[in-house]
Each structure stands twice: as structure tokens, then as C-alpha cells.
There are 2 protein chains.
Amino acid sequence: MPIYTAPTRDTRFVVNELLELGSYGNLPGFEMVSEDVTEAVINEGGKFCAEVLAPLNRIGDEHGCVRNEDGSVTTPPGFKEAFDQFREAGWGTIAAPEEFGGQGMPHVLGFVMEEYIASANQAFGMYPGLTNGAISALIAKGSQEQKEKYLPKMISNEWTGTMNLTEPHCGTDLGMIRTKAVPNGDGSYALTGTKIFISAGEHDMADNIIHLVLAKTPGAPDSTKGISLFVVPKFIVNDDGTPGERNGVSCGSIEEKMGIHGNSTCVLNYDGATGWMVGEENKGLAAMFIMMNAARLGVGIQGLSQAEAAYQNAVAYALDRRQGRALSGPAEPEAQADPIFVHPDVRRMLMDAKAFTEGMRALCLWGALLVDLTHKAQTEEEREQADLLIGLMTPVIKGYGTDKGYEVATNMQQVFGGHGYIEEWGMSQFVRDARIAQIYEGTNGVQAMDLCGRKLAQKGGAAVQAFFKVVGEEIAAAKKVEATKDMAEQLEKALGQQQAATMWFMNNAMQNPNHLGAGAHHYMHIMGIVTLGLMWLKMAKIAAAKVDGAGDDKAFYEQKLATARYYMDRYLPDAGALRRKLEAGADSMMALGEEAFQTAA
Amino acid sequence: MPIYTAPTRDTRFVVNELLELGSYGNLPGFEMVSEDVTEAVINEGGKFCAEVLAPLNRIGDEHGCVRNEDGSVTTPPGFKEAFDQFREAGWGTIAAPEEFGGQGMPHVLGFVMEEYIASANQAFGMYPGLTNGAISALIAKGSQEQKEKYLPKMISNEWTGTMNLTEPHCGTDLGMIRTKAVPNGDGSYALTGTKIFISAGEHDMADNIIHLVLAKTPGAPDSTKGISLFVVPKFIVNDDGTPGERNGVSCGSIEEKMGIHGNSTCVLNYDGATGWMVGEENKGLAAMFIMMNAARLGVGIQGLSQAEAAYQNAVAYALDRRQGRALSGPAEPEAQADPIFVHPDVRRMLMDAKAFTEGMRALCLWGALLVDLTHKAQTEEEREQADLLIGLMTPVIKGYGTDKGYEVATNMQQVFGGHGYIEEWGMSQFVRDARIAQIYEGTNGVQAMDLCGRKLAQKGGAAVQAFFKVVGEEIAAAKKVEATKDMAEQLEKALGQQQAATMWFMNNAMQNPNHLGAGAHHYMHIMGIVTLGLMWLKMAKIAAAKVDGAGDDKAFYEQKLATARYYMDRYLPDAGALRRKLEAGADSMMALGEEAFQTAA
């Protein structure tokens, strides 16, 4: 069975040494986070995920979710019991507001836990994960009455939540949705329509499920400007807060998917279901984006999580499996063969994975800190700065992070050779589960367009300029230190590629917007490479400063420095190639009409 | 259900215009290949695969193979009947020698058919595919008696064949195998041991299965120098050629795999099974490599095949599915949304796929021609030249071809958005099936080492020098033509990257062989990129010469030119980045010991 250990040592490094969480004690919610509390979340959270959730991961994959004849859904064996434990331990409440029963801690710690959960069992993690998305929307847009009715039970995970956007004929283009919401005359609406791909849409793990549903009111504009958001509980909530009458929403079927079998991905049929509008009429898209942005960061973490889980197993296999001899001569002459760990090509894949997971962990947790600062920083300027940066980073974390997460998971499967292809070893599941993260909550193509078509241009390019400033300052500082000088220069070149690509967009995309579309995916990857480079340079700087006096931790800082060097050597060169592709523009990409793509006999 | 049409127009272009198969009429086997015969194979073969095999592809995935209580294996519904049709039509015999009942046609046409078969149904294609590998070994190393006994029935596909190499503890490092072959005293041997991952190892589609098995005779050296090859029929063949007594080999179980469910991947238990040695004692590895080289080219074709099948479906979906509007303004204002085909990022993925599949088809069929010339060219020099080139190309076709095939299949799944993740659409299967090709018949890491550790150095670098000459001449010629001048210059730069990388290996790998291992995978990809670039330059040159007078075919040549341009713009830049990674060497890759990879709590 696959193994999993929460990488708590590395988490502590990022939280305490890189982000210096303790230094934000003056901000609300941060004051309660003593080093002891941080330690407790990291250690106990990690333990829970490794001991309770990870052992259910293969079981979830094998059993999947079953829709019963009465339309109820049975989750895989053990999921319900594990969710009970999860709920009792309060693992879902870390970063939720205290006002509604949450622990009000920084998102940084919430994200730590999200990584561990998703590494241990991505399909399981989606039940509380989607709930968090729904919670965000209700916090931002719900009425006080709605908040009081739903949030405490959702935050406590007594109830779970869902996001209902997609319909059979539309996903990305939500202006086309057909689900109707007709006023009942009593303030409620009757919702009718079909939603698909609804994760955690129906299950047996909670007493109620709170669906947040996009629908159109009668006469609403036939575009994204005509979408409203509704809350539709599976059981209509009684005045005393208990679940009452069964609402007119039901699971029509469960999708057979490539992976995340442990999550019930439902077709949900709304048949005059009673719902209540959340926020203003026809302003549902904005509310949806609140759920979506939270969800996108969570999906980015999934990219990290599957890479991490797959990596740990590949390391164990590479150290155990013996085939052939080291190129430089037998490493263990007394054995019949050396562990495959000695082979450079195996090491290449492991180092690629290590450089990605540790860099991505730093990026995700930095992203979490930005989310916190967006709400909690002391000055308006700091809050705005954080908001700009996290807005820019969200598509990079989601898009680049999941593309690389899938690639790394695939490479870790490759380390296993033929055994990687056999389900029993669990490596196939990591790849299959990782695959969805490139697709849902906006495909990575949509992320690239969000980055290039929206975020780059926002406020006259203020966000990307702020980013360049952060990277530039880090480079300047690292250049002054002997141990990081070379690395800083390498990153400077890659940053130059991003700046040139940005300039190319500025000079060319106005005259032909297809140039932007043609280069968006390349740009997102350039930016991902530069951003992880920033993380590695920061980490290298810390490691360089600490390594000599580190005592028992010396090896830890040495490996940070070596991995940083590997990152600069092996990841950064792609930035130049991507820039060249981007600068090739849209012409050869868009030259051919549809007949040229059709297979000719 | 997924669609498939054999891309016969493009095949004809490669066979007739690029390779000019008709010009080899003076060579044995080629003389019978009139344009009519070529047409018949392409058209009828394509039709058979599209109409008979493709509809069984999803069925094979869903049903898989079942091991029954008596150890027999039932293949998916329809497979047996389809194999009967396949056998009756003689589709397995195209390139097999006439002496044993084959049609003796060039491998070029055999490879055409292999692509169509694998695109339509990769799991099905492995039954005759493995048979071909076993046939190759018997032709090269079998005694006349063995050839007469087994080959006619195998070539006719009345019987199928297998390759038995891997054991639970060893795959790549075959020196470690434990299967024993003890002489029975009558010229036969008793084989005892366990083989795993045996494709087509047991099934219900043929009257007999001829296993080719690596095993060790008593006292044989405990290394690859102690391996012998044996033929072990499932039913011992009677003197009259009919299958007789059941032999002591049985299917212990069927592996649960990520994909290719329609093929029965067996654990085979040999329990004193009777076998006969093929070729010389302790020379089994050489015989195995004959099977292996044939198989590796076949696996490269699988990379093409899954990319092609996935591409056709993605094109159809992109033209049908409507979401959003073209960046340059609505393409179909009267409709509620434009087809996603208008979006540059979708087009990027489709063009990437088109550039790969058409380039890879040209490469595979050129490879097939080289295989033919190895045996059949008129002069010893030409035969040697072909042998050098195909030896060099084999790991590139297998390694680069399957890495890209998987990437393209994944991107084609991405075109479908969420629907791509649902099994019903079939895109998941293309990805899952494509995945195995990077692993079996030597992982792509093994391919990279075969290329860099063996083929580059062979005969003082004669093979790679011959390759550089071929590419250089093509570039020089294309530079003289206005329509291809720019492209030739782009390719020249990429070739320069490969030459520099080669030089770097020469200057550094002797002092530290890990430098070679650390760069091998990068080198294989650089060479893949340059090789497909060579194919595209050749194709562009032909298209440029013909486009003006082409009449109805004008659009065909125009799209060849546009796709060539896209290839040069979007594929070649990676060669430079890969060279930089390669030149970073082994130091940062091998810096860390095993403790640095273990997850620290």
C-alpha cells in the first residue's frame, strides 16, 4: 500500500523561517498563533491525515461512490467514519471565522492542513473543500439570516456544501446556463434544471448538504449579467435549525471518472427545488468568483499534494528496488545490484519532484499569507498590495501548479517502471487524481487567460509591476551573498524573459488579441517558473545564512541549498524557450481553418 | 463513443511522396508493391481498423480480461471474433516472410497497418504485436525445425506469441532472472519460475500460444551472460503440427492496470514446462534484443497512435462544443457562442498535436524503410548505413515518441474540459493507454541511456555523424528554396544545439559518466525535436514544390506548409533549453544522498 508522511519539517521551515508567521502577531487571528499552536496544527494535523485519511485513499479509488436505487449515495467504506473523526477534531474549522464557530486562525495554517488532507486523500478532501468554497460565498454575500442559518453547521462540518455551476452544455461560459429560478412569492424561489459535475453533490457523510446554485430568474439577461446565486439545502432547514423537509433536488447519476473515485461527482436534478437568493439578483457571477478563487487556490494545492504523495512513494521505491549498477561503478558491490536511486535518470526525476514540491509548498503558503493580509493587514495599502499579488498569483498557483503536479506525479510513476502501471502500487491513482486539477475550477487554459487577459492589464499593470519589484529586490539582496550570487543571476535572466514576454504582449496584443491568447499558456508557465525561482532564492538565502551554525539542522539547510541550485539549473532554462514560443505569436497557430484539422481519407 | 478514421490521405503522402516507396522497385519485396497494392493496404487496412477494431476499444477498456477458475482467460466481448476476421483477412502477415506464409511486403506497409491497429485499439493490437516480436526472434535465431514448426502458424495468427522477460524482482536488469531451465536429456528443457507483465500471456483467441522465455541453465553465469532463450508452447506441438498436450505453464493472475485493459497482462507460472532452446546457450540476451528492437519501434508507433486517435476526437469536440467568443469578435454572431475551436489556447493544443502526429508518422515510416533497407538494400554500404541510422533512431522513436504521445493525448483530453475526465467520452482511455508506452519494452530512461551510452559512441560516433549529415544536407537544400529558407535556418539552430550537446558529452562524460546519465533524457528529447524537424522540413520542401500546381490538393499542401512553420516556431525552441539543462551536468542532480529525500517529521 502507498505510504504517506506529512512533511512537517518542511512545513515548519516555510511557516516559521520563510514566512515568519510569528512576526504577524499584531494582526487579528495571528495573535493566537503561538509557536505551540502552529506546532500542534502541523503535527497533529499531519498525523491525522497520515493515519486516518491516507489508508482510505486506495479504498476510495477501488470502491468509488455508489448511487442507490432511492437516489441516495453511499461513499466508500470508512469515509463516513473518517469524516466523523475529522469533524470531531475540528480539522475543517481552522481558518473559519470565530463568529460562526471557526477557530479564526490564519489561512496559512488552513492551507497547511489542506495540503496534508489532499496528499493523504484528495477525493476525501473535496467534501470539506467544497464546503469551504460555499462558506466563502455565504460569508461574502449571504444575508445575516442566511449566515446564521447555514454557516455554523457548515463550518462545524455537520453539514457540507457544494458549488453548482456547470450544466451539460456549458461550463466555462456560464452566461449560457438554463437552470431557472422562479419566485414563489414568499421570498423563496423554485429552481428547475440540471447541473453536472457536482463534486460531493450527494453522499451519506453529513446531515444536510447546502447547495449553492447559479440560476436565472425570469426575464434575466441571456448572458453572465443574468446569473443569480441561490442557496438550496438538501433538507429545508426548520426554524429550530434542524434539517426538515426533503427538498426537490436529487442525484440523477454518478459520473464514471478517470480518478477521484472516492468523491461523488453527481448529476443533480433540480425539480422545483426551494432556494433563496444569495446577494443581489443578476450579480451571481461575482459571488461565484468568490467561491471560485478560494477553490482555485485549493486546486493548486492539490497539484502540490499529488506530487508530494507520489514523490514519497517513488523515493521509497528507488531506495528499495535494485536494478543495474551505478555508472561510476557498483555502489553496493556485495549486493546483486544497486538501488535504482543511484541512476542519474531516476535522480533527475526525484530532484525535479523535490524542487517542485518544496518550491510549490512555499508558494502556496505565501499565497495563503497574502489571502490573510488581504483581509487583515494593518494599512489599506498593504491590503491592496496583497490583493493585487494574490489576484495575480491565483491563476499561476492553479494553472502552473497543477500542470507541474501532474507531470511530477507521472514521473514518479515512471520511477516504478512496470509496477507503476499496476493499480495495486497506487502510483496510477496519484496520476489519475492529479489529472482533474488541471481541468476543474476553470481549465488551465482559462487560468492562462485570466492571468494574461485580466490580471496583467488590471490597474495599468500594477500587479505584475509589484511582482517584478518583489522578485527584483530579492535578486538584488541575494546577489550580495556569495552563496546565492550565482543563483540570483540565473533567476535574473529568467525574470528578464518574463519581462520581455510581458513587453511583447504590450506591444502586440492590442493590434491582435489572438497574440495574447496564443501566448497565454506559455506566459503562465514562464511566470510559474520565475515564481518558484523566487521561492527557491528566498529559501536559499535563509539556508545560506543558517547552515554553518545549524548543528543538527545542518543537513537540512545543505539540502535546501543543493535543491535551489538544481532548480536554477534545471527549471529556469525553460523560461527562455517559452518566451521564444510566445513571441512566435498567433500567426502560425491560427493559420489553418477547420477543414485542415479533419482527417482526410 | 469516440470516433476513429484512418488518416489515409496523410499516409499516402508519406509513403508515396516523402518516402517514394515506388522508387525502390528494384529491391526484393518492394517489386510487388505497385501503387495499387499500397492503396489497397492503406484503404482496406484503414477501413478494417476503423470499422472492426475501433468499436471494440471502449468495450475492451470496460470489460478487461477475466481469469477464470480453471486458469483460462476470457478476452473482452468481440475480441475473439475480431481476431478471427483479422486472421482471415491476413492483416498480420503483411511484412512477414513469404517463405513461412507471409506476404513479404515492405515493413513500411506493415508499420502503416500497425499505426491504424494501435489507434483503433491498442490493447487488441498487442496480441498480433507481441506475436510479431516472437516471430522476429525465431526468424533470427530459431533452428530450421523450430521455424517450420512455429512460424507458419504464428504468421497466419492461428497461434500467437509472447515475450517472457520480466520477473517480480527484475525487469531492466535481466542478469538477475531466476527462472531455471534444466535439461530433460532429450534435447528439451524443464522450465520453472515466475514471469510477470506478460502481455497476451493467456487468452481465448488462438489455438496455441508460443511463449519465448528467458531462463538460466544450471551453472550459467549469474549475469546477462548467463541467459538463454527458450520456446515454450502452451500446447506442445504434435508431429503433425497440431497442438497436443497442455504444457506446464499457466496464468496465475491478471494484473489490474491503469490502461490497456483489453490485453491480458499475465503472471505466468512455469512449473517444469517443456521448452526448447532458441539459438545458443547463454546468448539469449542477443536474441531478446531482436524481439526488443522490433517491439520498441512498435511501441513508438503506439505513442503516435494514441495521440492520433485522441486528436481526431478533440478536433470533433472543438468544432462542436460552443463556449465563449473569439477574442477577435464573435465568429458566429447568430449562435449563442462560438465553437471552442476559435480559442487560441485550444488551437495551440490541436496544432501541437497535428505537428506531432504528422511528423511522427513520417518518422515511423522512415524508420520502417530503414528496417527494410537494413535487410534489403543493394549494397553492403547502404545496408550498414541504414542499420546505423535505425539503431540510433530506435530509442528516439520509442522514447521521444511515447513521451510526446502521452503529452498530446493528455492535451487532447484537456480540450474536452470536464467531459474529458469522464470515462464515457473515451479521452481518459487514450491517456491511460498511452501511458504504458513510456514504460514497457525498456522505460524511456533506459531508451535515453541506450541512445547516449551506447548508440552515440558506437563505431566512433558514426551513427550520429551520419544523422548530422542527413539533417545538414536537408537544411542546405531547403535554404535554397524561398518557401523553406526560414524554416531551414530555424532547424539549423536546433541542430546546432544537438551538436553542441553531443560535444559536451564527448568532453565531459569520460571524466564522469554521471554527466552522461544526467543529460541522457534531455539529449533524447533534443534529438526527437531535431528529428521531427527534419521530417517537417522534408515535408515542407515537397509541399512548397507542389502547392502551386496541386489543383484539388492545394489545401493539403498549404496545411503542410503552415504546420511545418508551426512546428519550427513552437517545438524547436525547447532544444536550446534542453541543451542548457544538459550542460548543467550531474553535479546538482547527484549532490544529495538518500537521507535528503526522505520525508522528515
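Predicted model: local features only at pLDDT ≥ 70, side-chain atom pairs only at ≥ 80, totals over all residues.
**Exercise 1. Cysteines**

Task: Find how many disulfides the whole structure holds, and explain why Cys364(B) is too far from the closest cysteine sulfur for a bond.

Solution: Begin with the search of the whole structure, which finds zero disulfides over all chains. Take Cys251(B) next: the nearest cysteine sulfur belongs to Cys266(B) and is 3.7 Å away, and Cys251(B) is in no disulfide. Cys251(B) has 2% relative accessibility and therefore counts as buried. Then turn to Cys364(B), where the closest cysteine sulfur, in Cys49(B), is 15 Å from its own sulfur, which is too far for a bond. Cys364(B), at 3% relative accessibility, also counts as buried.

**Exercise 2. The interface**

Task: Describe how much area chain A and chain B bury between them, and on which atoms.

Solution: Start with the residues in contact, of which 101 come from chain A and 100 from chain B. The area that the two chains bury between them is about 8,800 Å², and 60% of it lies on carbon and sulfur atoms. Within chain A, the residues that lose the most area to chain B are Tyr421(A), Arg570(A) and Phe597(A), which together make up 11% of what that side buries.

In a salt bridge, the side chain of Asp574(A) meets that of Lys581(B), with 2.8 Å from N to O. There are also 53 residue pairs in polar contact across the interface. Sorted by class, the side of chain A that touches chain B has 42 nonpolar, 34 polar and 25 charged residues.

**Exercise 3. Symmetry**

Task: Work out which rotation superposes chain A on chain B, and why the copies meet through the same surface.

Solution: Chain A is superposed on chain B by a rotation of 180 degrees, with 0.0 Å of shift along its axis and an RMSD of 0.0 Å. The two copies are thus related as by a two-fold rotation axis. In chain A, the C-alpha nearest this axis belongs to Ala577(A) and is 3.0 Å from it. Finally, compare the two sides: 99% of the interface residues of chain A are interface residues in chain B as well, so the copies meet through the same surface.

Note on methods:
Residues numbered from 1 in each chain as written. Chains lettered and ligands numbered in written order. Heavy atoms only, no water. Contact = heavy atoms within 4.5 Å. Buried area = accessible area lost by both parts, 1.4 Å probe. Salt bridge = Lys/Arg side-chain N within 4 Å of Asp/Glu carboxyl O. Polar contact = N/O pair within 3.5 Å; in protein donor to acceptor, adjacent residues only side chain to side chain. Nonpolar A, V, L, I, M, F, W, Y, C, P; charged D, E, K, R; others polar. Least-squares fit on C-alpha atoms with pLDDT ≥ 70 in both. Disulfide = S-S within 2.5 Å. Buried < 20%, exposed > 50% of the residue type's maximum accessible area, 1.4 Å probe, protein only.
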